[in-house]
Amino acid sequence: MYNYTNEQLESMKKVEATRQERCGKLHRRLTAEEKDAVLKEYHPDYITSAYEVLKVGPNKGEKVLHELADVLQGKSRVLDMDIDLSKPDYETDVLIIGAGGAGSSAAIEADNAGAKVMMVTKLRIGDANTMMAEGGIQAADKPNDSPAIHYLDAFGGGHFAAKPELLYRLVSEAPDAIRWLNDLGVMFDKMPDGTMVTTHGGGTSRKRMHACKDYSGAEIMRTLRDEVLNRGIPVIDFTSAIELIKDTDGKVAGAVLMNMETKDILVAKAKVVIIATGGAGRLHYQGFPTSNHYGATADGLVLAYRAGGKLLYADTLQYHPTGAAEPTQIFGALVTEKVRSLGAQLVNKNGEAFVYSLETRDVTASSIIKECSKGNGVKTTDGQGVWLDTPQIEILGGEGTIEKRIPAMMRMFGKYGIDIRKEPILIYPTLHYQNGGIDISADGMSTTIENLYVAGEAVGGIHGRNRLMGNSLLDIIVFGRIAGKSAGKKFKEVTLKDLTLDHVKSFDKELKDAGLNPEILSPKLLPNYTKQPAI
Amino acid sequence: MENMVNVYLFGKKYQVPSSLTIMKAMEYAGYQLVRGCGCRNGFCGACSTIYRIKGDKELKACLACQTKVEDNMYVATLPFFPLVKEVYDIQKISPSEQIMMQLYPEIYACVGCNACTKACTQGLNVMQYIAYAQRGDFESCAEESFDCVMCGVCSSRCPAGISHPQVAELSRRLYGKYIAPETTHLLERVKEIDDGKYKELIETLMNKPISELKELYNNREIEK
């Protein structure tokens, strides 16, 4: 048994006492006005002191969080280097920066299109947020559902801010993404007759969440990785991209690479570049813990921004409602939304349910923060939290449901002596997803830089200002494939002129002209947790 | 004062708080990790680690991000292990026993020592799933191995030189593609979309003013 405090144990008893009664009824849903109110008052995106206005670059005058401003307006790593661009170490048709789900999908499609493809990743292929996505992947493939209903769910859930042409592709190509993955051998949860087992996610109006137990992302990622390796696509691992290279016409033409271990600098020349670098949780915006992998430091946004890539909605982040709040060893780790899909409620320290469990993520997270600020949270080692009443799943779905449907969760807590079948768990919102990113058009190309494609979490605008569960695993596949196919066509018509890094120098001059003299090197590449308590 | 324990990182002694995981203890000691650290949440298999508690005969294996330090723990990370990954074309192979014979014949040299199972950082019955693979029972192999994070510790302990995680990966792909029942409603929907059935419907939505979309969204019917 985990070493809970007496206060926590007392509170847990209250949760047990009300469980049976709560199982029978769902908490009422919030009205549109109530949602707006709780977001404005409690969502971290609305804390104005956490933001500053960008002084240079394509989004000059717009506000972003301090931590992002620091890296977007940081000092380039190549400024003081003498790099010979005339003798590239690598030459390829398509260079993919990042080797998670989006990068790997892009690589497979570009390879299908006949391009010579190369991937670089600062860690290993698959060390990515994709690997950790637990809950599932949306696609409107059931008879009572349609891509149009999916569109409305996602558009409304994203506060009517998604770029319609991107969302159109996301929902229209979703069923084919599932078919494609299934055809590669991904093991989706199915009924004996082949019908997909699907559930709700926060904000969905149809049960369209497909899953591979609660290893959905891992199962997809390891399959894509295996396929990339089968095709012999070169994956240059432990090698980061630290700057984009352009040609004298201003087209993107490759990247400066750095070996993460030896610090050797290498030059990759490419006719087309795809940024698939993922998110930014490891910047720990506003001091939040994160569910993200070790390398999520917004590198792609920094590279693109310095080269003139416009960002969209860079000010909006997703705080997943349920990060682990206890045990302290896994503080911030993701507790999949599927736990709530399967029937677990959010309960305060008095044993009362205080919000409908499957509101959209931003509303649910804000409601949890609100409940804690009202004094109804449970004190934890690192702050406070509320209960997620996991034993309800066994009551509602029958004994064994947890082991069958969310084995990773059972294992994660089991390691610390917490049996989630019998005891509820403590959770608090955790920094989960970068809603914003590089602005692209429907073919995946940056709206402001020729030859630069973007896929996955590094894109902004697919979801708007909030994202529904299961639409991120979907977007990495759909837009990874789009970027790969587009790049696979585009490279054939590209002729590169001489390579240059002049844009880096002019960005530096802009910084100085704006009175900024940054010392922080960016991209950040990895967080530094040495000699300090890690978040 | 927090309770401190002694850990020996690659043999060198450090004092660290007892509440830390091995990974956080390394960082606390001053290591800036590049290798051996990926998702930090037990899914990616980057941080396989072997350790022995002083005075204990048994060599244990774990994921550094998922395991708490203990007093007198001797730790060596295993950030890379040379698994053998055979290359194949998933579109051309078939789910028969022969495929294992061709690609991973060493599985038939398993001596049944069960060291793989004892070493598994996920607590899987590794030897059992290899036995299923030997028999060409890919469904059982896929199910039994499903929670594998491919950290490779099993293979590091195997006297027969089996790359268990790769055998399991092949089994899962064979099962997912060829053996699991086909999903008719999925294939039908893909065809409908290819035929343009929903194009107009979505475009109508795209062209509506936001106020109307809000109305539609707030009053949409929600499946029970």
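**Before you start**

Residues are numbered from 1 along each chain as its sequence is written, and chains are lettered from A in the order in which they are written. As the model is predicted, local features need pLDDT of at least 70 and side-chain atom pairs count only at pLDDT 80 or more, while totals for chains, interfaces and linings use all residues.

The model scores ipTM 0.97 and pTM 0.96. Chain B averages 96, and 100% of the residues score at least 70.

**Stop 1: chain A as a whole**

Select chain A. Its C-alpha trace spans about 70 × 55 × 45 Å along the principal axes. The radius of gyration is taken over C-alpha atoms, and the globule rule is 2.2 Å times the number of residues to the power 0.38. For 535 residues a compact globule would have a value near 24 Å, and chain A, with 23 Å, agrees.

Switch to a cartoon view. Chain A has 17 helices and 23 strands; helices (H or I, at least four residues) and strands (E, at least two) are DSSP runs, numbered from the N terminus.

Of the 535 residues of chain A, 63% count as buried. A residue is buried if 20 or more other C-beta atoms lie within 10 Å of its own, exposed if 12 or fewer, and partly exposed in between, with C-beta atoms placed from the backbone.

**Stop 2: helix H12 of chain A**

Select residues 361–376 of chain A, which form helix H12. Among its buried residues are A:Val363, A:Ile368, A:Ile369 and A:Cys372. What covers the buried residues of H12(A)? The cover includes helix H2 (32–42) and strands E14 (317–324), E15 (346–347), E17 (383–388) and E18 (425–434) of chain A.

**Stop 3: backbone details in chain A**

Go to A:Pro327, in the loop between E14 and helix H11 (338–341) of chain A. A cis peptide bond joins A:Glu326 to A:Pro327, with omega about 0°. Another cis peptide bond, also with omega about 0°, joins A:Ser522 and A:Pro523. A:Pro523 lies in the segment after strand E23 (521–522) of chain A.

Next, select A:Ala298, in the loop between strand E12 (265–275) and helix H10 (299–306) of chain A. A:Ala298 has a positive phi of about 60° although it is not a glycine. Is A:Ala298 buried or exposed? A:Ala298 is buried, because 27 other C-beta atoms lie within 10 Å.

**Stop 4: where the chains meet**

Show both chains. In this model 62 residues of chain B are in contact with 69 residues of chain A; two residues are in contact if their C-beta atoms, placed from the backbone, lie within 7 Å. The elements of chain B that give two or more residues to this side are helices H1 (22–29), H7 (164–179), H8 (184–194), H9 (199–206) and H10 (210–218).

Now zoom in on B:Leu213, in helix H10 of chain B. Leaving aside neighbours within four places in sequence, B:Leu213 is in contact with A:Phe155, A:Phe160, B:Leu205 and B:Lys208. B:Leu213 is partly exposed, with 17 other C-beta atoms within 10 Å.

Finish at A:Phe160, in the loop between helix H6 (147–157) and helix H7 (164–172) of chain A. A:Phe160 has a positive phi of about 55° although it is not a glycine. A:Phe160 is partly exposed, with 15 other C-beta atoms within 10 Å.

How values were computed
pLDDT = per-residue confidence, 0-100.
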